[in-house]
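Try each task yourself before you read its solution.

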Amino acid sequence: MTERPRYALRFISGKYQGGEFPLRMNREIIIGRSSDLDMVLVEDMVSRRHAKITTTEGDIFIQDMGSTNGTFVNGEKIAGRARLTEGDRILVGTSIIKVVGVDNETASQSEAEARRRLEAGAAARQSTSGRPMSGVIEEIPLPDLLQLLSTSRKSGVLTIVTTGQVGKIYLRKGQIYFAAINDDFAVSPQKAIYRMLTWTTGTFELEPSVEMQVMEEINESTEALLMEGVRQLDEFRNLQRYLPPLGSPLAVPTPLAGRLRDLSPTELDTFQLVLDHGQLQKVLDHFPGTDLDGAQSIVNLMKREFVVVP
């Protein structure tokens with residue numbers, strides 16, 4: 001027990017958010033709702049004896065103990081025993097727990113002190129907010145968070161707040177069925193999700209909610225949405241060096257550098273959007289396809305000098 005721990009479990013979401021628990025080597029830690037366990041998580045979705053973490057000299061393992069709602073590592077439900085490494089994220093109930101390198105303050109804590117701090121932090125959060133599941137996306141990127149919510153079949157509204165924007169993603173048993181940014185229903189829900197995946201700072205909160213009735217639900221699986229969203233994100237970032245900032249004005253020069261008949265139908269529609277709206281963000285908002293396709297069309301028009309930044 002005197003050996004300095006090399007790793008700790010950091011709670012990055014849930015009622016125990018902000019707490020840390022040191023992992024000493026050659027030790028077994030039982031996690032669950034029962035008050036006599038090593039790590040007590042008092043919430044309905046945690047079983048009395050939920051999971052076991054075992055440490056050796058060089059390895060950390062986690063094992064589900066037949067819990068009702070399962071134990072998840074990096075979005076995957078574990079069946080037997082799984083090895084943990086630094087940076088891994090564990091979902092137990094509504095708590096997302098990250099394996100981190102230990103700092104001096106946490107390393108010096110006894111397990112009893114760590115338990116007291118977890119309980120005190122949870123009590124303080126409950127008295128001020130009562131939020132069931134919240135955190136910051138700097139700690140858990142949105143694609144990872146959505147993967148966890150999908151595989152654990154969570155329902156509710158995931159609200160993400162970043163600078164000047166509020167995004168909402170509606171889930172039913174882990175399936176995304178609608179999404180919107182700033183309650184703008186003119187932008188398709190798929191486009192809203194792909195945009196939110198580009199956000200790298202902000203806070204999130206999952207709230208239980210009544211079922212929302214929408215005209216057209218998303219039919220793609222959450223996994224398919226995330227795969228396509230991450231692909232588009234990578235390609236959009238490669239295009240951004242050719243684009244002005246999203247708030248930039250766009251204009252059509254006179255005289256034109258070429259003939260309109262030489263443009264493709266998509267480029268011609270984008271040219272019309274520039275005439276109608278005159279700003280990059282608004283053009284992307286009204287473009288019928290994805291932001292990636294709209295950006296590619298604008299880049300093509302700018303390279304051929306059909307569109308300029310005045």
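This is a predicted model: local features need pLDDT of at least 70, side-chain atom pairs count only at pLDDT 80 or more; totals for chains, interfaces and linings use all residues.

**Exercise 1.** Sort the lining of the second largest pocket by residue class.

*Solution.* Start with who is there: the lining consists of Phe178, Phe185, Ala186, Val187, Ser188, Pro189, Gln190, Glu216, Glu217, Ile218, Asn219 and Glu220. Next, apply the classes: Ala, Val, Leu, Ile, Met, Phe, Trp, Tyr, Cys and Pro are nonpolar, Asp, Glu, Lys and Arg are charged, and the others, Gly among them, are polar.

Numbering starts from 1 along each chain as its sequence is written, and side-chain values use heavy atoms, without hydrogens and water.

**Exercise 2.** Which helix gives the most to the lining of the largest pocket?

*Solution.* First list the helices that each supply at least two lining residues: H4 (189–196), H5 (222–239), H7 (280–286) and H8 (291–303). Then pick the top contributor: H5, with five residues.

**Exercise 3.** How do H6 and H8 cross, and which residues make the contact?

*Solution.* The axes (lines fitted to C-alpha atoms, for helices over the stretch in contact, with angles from 0 to 180 degrees between N-to-C directions) of H6 (residues 265–277) and H8 come within 9 Å and cross at roughly 85°. The two helices are therefore roughly perpendicular (65 to 115 degrees). In contact (heavy atoms within 4.5 Å) are Thr266, Glu267, Thr270 and Phe271 of H6 and Ser297, Ile298, Asn300 and Leu301 of H8.

Methods. Helices (H or I, at least four residues) and strands (E, at least two) are DSSP runs, numbered from the N terminus. On a 1 Å grid over the protein atoms alone, a cavity is a set of points where a 1.4 Å probe fits but cannot get out, and a pocket is an open set with protein on both sides within 12 Å along at least five of seven lines; lining residues have an atom within 4 Å of a point. Angles under 35 degrees count as roughly parallel, over 145 as roughly antiparallel, 65 to 115 as roughly perpendicular and the rest as oblique.
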